[in-house]
Number of protein chains: 2
Amino acid sequence: MTEPSPVRQPDLPPPMPARPEADPGPVATGLAVERVDTSFLETLIGYNARRAALTIISHFLPRMAQFGLRPVEFSVLTLIGHNPGITARQLCTTLDLQPPNLVGMIKGVEKRGLLEKRDHPSDRRAQGLYLTAEGESQLEQAQETALALEVEATPRLTPLERITLIRLLRKVYQPDH
Amino acid sequence: MTEPSPVRQPDLPPPMPARPEADPGPVATGLAVERVDTSFLETLIGYNARRAALTIISHFLPRMAQFGLRPVEFSVLTLIGHNPGITARQLCTTLDLQPPNLVGMIKGVEKRGLLEKRDHPSDRRAQGLYLTAEGESQLEQAQETALALEVEATPRLTPLERITLIRLLRKVYQPDH
DNA sequence: TATTGTTATACTCTATAACTATA
DNA sequence: TATAGTTATAGAGTATAACAATA
């Protein structure tokens, strides 16, 4: 990345006279910060989860560009593929999307011939969403790529750690169950 | 966020008879999808990490609004507080921010009197960032709030699970170490 | 009266190009 | 030549309000 900041040789100035106050943090030498202390942020699940998600996404984007799929589009296509006839409303509640933001996305993949809308059997307001043959083929390849990319993006996780990590993440965003 | 989707009562259909084939997914009845199958997405770390991060952020936003701090502003203030004299460049590489996006943020908190810039001791292009007394006071309260909010946002995690989760997330976004 | 899908729109977040002053 | 900070700007991503058709 940027600076390896190798062997730590702080070269501290002579100690300051003792002070009564509590922890002053890293010694204020008036000099530049050599190593950035991120210890507090690293105690926060939100910070760590966000950083981890962004790392995976940075691997996801170039690999899935061949399918023209961004993360949410991939999630939408996956849910349609595994739930033929799902409605837009169901996609929104499942993926926490706002309906207006889904309209353009569906219109896009529909225009690319990956999915089609059909009449909903019992509610004429709604439409069931289905993958086309091309959509199913694309999704199959995209899913394989996603699985491979995840392993490549997380080389330090053992298979067991991967399972544990997923289980704990689900406990965060699925308060019930 | 949008909808808490309260008590989940899936209203499951009666169990289906055993079938020899490999899992064909939800039965294509030509009828509406009753329960949305998310099983594939839930095997992906990226999906789960993103959902978990968004859940925490949804708790973060209203709680930290009293300090006028959004997630990245909180991270920036935290790093400055723990690393007096840190430069904008160091903040960018540490938090994976683009320099142009940091400028306005720093300008904002500086105008609110929470931080100040001083000359860098050895590089006249750079500036060291420091919290004001008010900034330190605000940060201290904000950090306490963040810690409390995280626990409230993840009631199903035991203290041990929290530690494990953080350790595994760090293995995802810190390839070295 | 409530809900599905939709349009229009605004706001936030993030990314790129190009400039300046220093190194 | 490269780097720190900055400006301007463009593009994603996400949010709200309001509407027509249907429940």
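Q: What covers the buried residues of α3(A)?
A: The cover includes α2 (71-82), α4 (99-111) and β2 (127-131) of chain A, together with α1 of chain B. Helices here are DSSP runs of H or I with at least four residues, strands are E runs of at least two, and both are numbered from the N terminus.

Q: Which residues in helix α3 of chain A are buried?
A: A:Q90, A:L91, A:C92, A:T94 and A:L95, within residues 88-95. Buried means under 20% relative accessible area, exposed means over 50%, and partly exposed is in between, with a 1.4 Å probe and protein chains only.

Q: What follows α3(A)?
A: A:D96, with a positive phi near 60°.

Q: Ground rules, please. What kind of model is this?
A: This is a predicted model: local features need pLDDT of at least 70, side-chain atom pairs count only at pLDDT 80 or more, and totals for chains, interfaces and linings use all residues. Residues are numbered from 1 along each chain as its sequence is written, chains are lettered from A and ligands numbered from 1 in the order in which they are written, and side-chain values use heavy atoms, leaving out hydrogens and water.

Q: Now the two chains. What rotation superposes chain B on chain A?
A: A rotation of 180°, with 0.0 Å of shift along its axis and an RMSD of 0.1 Å. That is the relation of a two-fold axis.

Q: Which C-alpha of chain B is nearest the axis?
A: That of B:A49, 2.8 Å from the axis.

Q: Do the copies meet through the same surface, or through different ones?
A: The same surface, because 95% of the interface residues of chain B are also interface residues in chain A.

Q: How many residues are in contact?
A: 73 residues of chain B with 70 residues of chain A. Contact means heavy atoms within 4.5 Å.

Q: And how much area do chain B and chain A bury between them?
A: About 7000 Å², 64% of it on carbon and sulfur atoms. Buried area is the accessible area (1.4 Å probe) that two parts lose on being put together, summed over both.

Q: Which residues of chain B lose the most area to chain A?
A: B:I45, B:R156 and B:Y173, which together make up 11% of what that side buries.

Q: How many salt bridges does the rule find across the interface?
A: Eight between chain B and chain A. Over all chains the structure holds 16. A salt bridge is a side-chain nitrogen of Lys or Arg within 4 Å of a carboxyl oxygen of Asp or Glu.

Q: How many residue pairs are in polar contact across the interface?
A: 24, with both residues at pLDDT 80 or more. A polar contact is a pair of N or O atoms within 3.5 Å; within protein, one must be able to donate a hydrogen and the other to accept it, and residues adjacent in sequence count only if both atoms are side-chain atoms.

Q: Which elements give two or more residues to chain B's side?
A: α1 (45-64), α2 (71-82), α3 (88-95), α5 (133-153) and α6 (159-173) of chain B.

Q: Pick one bridge. What does B:K171 pair with?
A: A:E161, with the closest N and O atoms 3.0 Å apart. The pair crosses between chains, from helix α6 of chain A to helix α6 of chain B.

Q: Are A:E161 and B:K171 buried or exposed?
A: Both are buried. A:E161 has 15% relative accessibility.

Q: What else does A:E161 touch?
A: Leaving aside residues up to four places away in sequence, A:E161 touches A:R156, B:R167, B:L168 and B:K171. A:E161, B:R167 and B:K171 are linked in a network of salt bridges.

Q: What about B:R125? Which residue is its salt-bridge partner?
A: B:D123, at 3.0 Å between the closest N and O atoms. B:R125 is exposed, with a relative accessible area of 77%. B:D123 is partly exposed at 22%.

Q: Last one. Where does B:L41 lie?
A: In the segment before α1 of chain B. B:L41 is buried, with a relative accessible area of 1%. Its contacts beyond four places in sequence include A:F74, A:L79, A:L95 and B:Y47.

Notes
Copies are superposed by least squares on the C-alpha atoms of residues with pLDDT of at least 70 in both.
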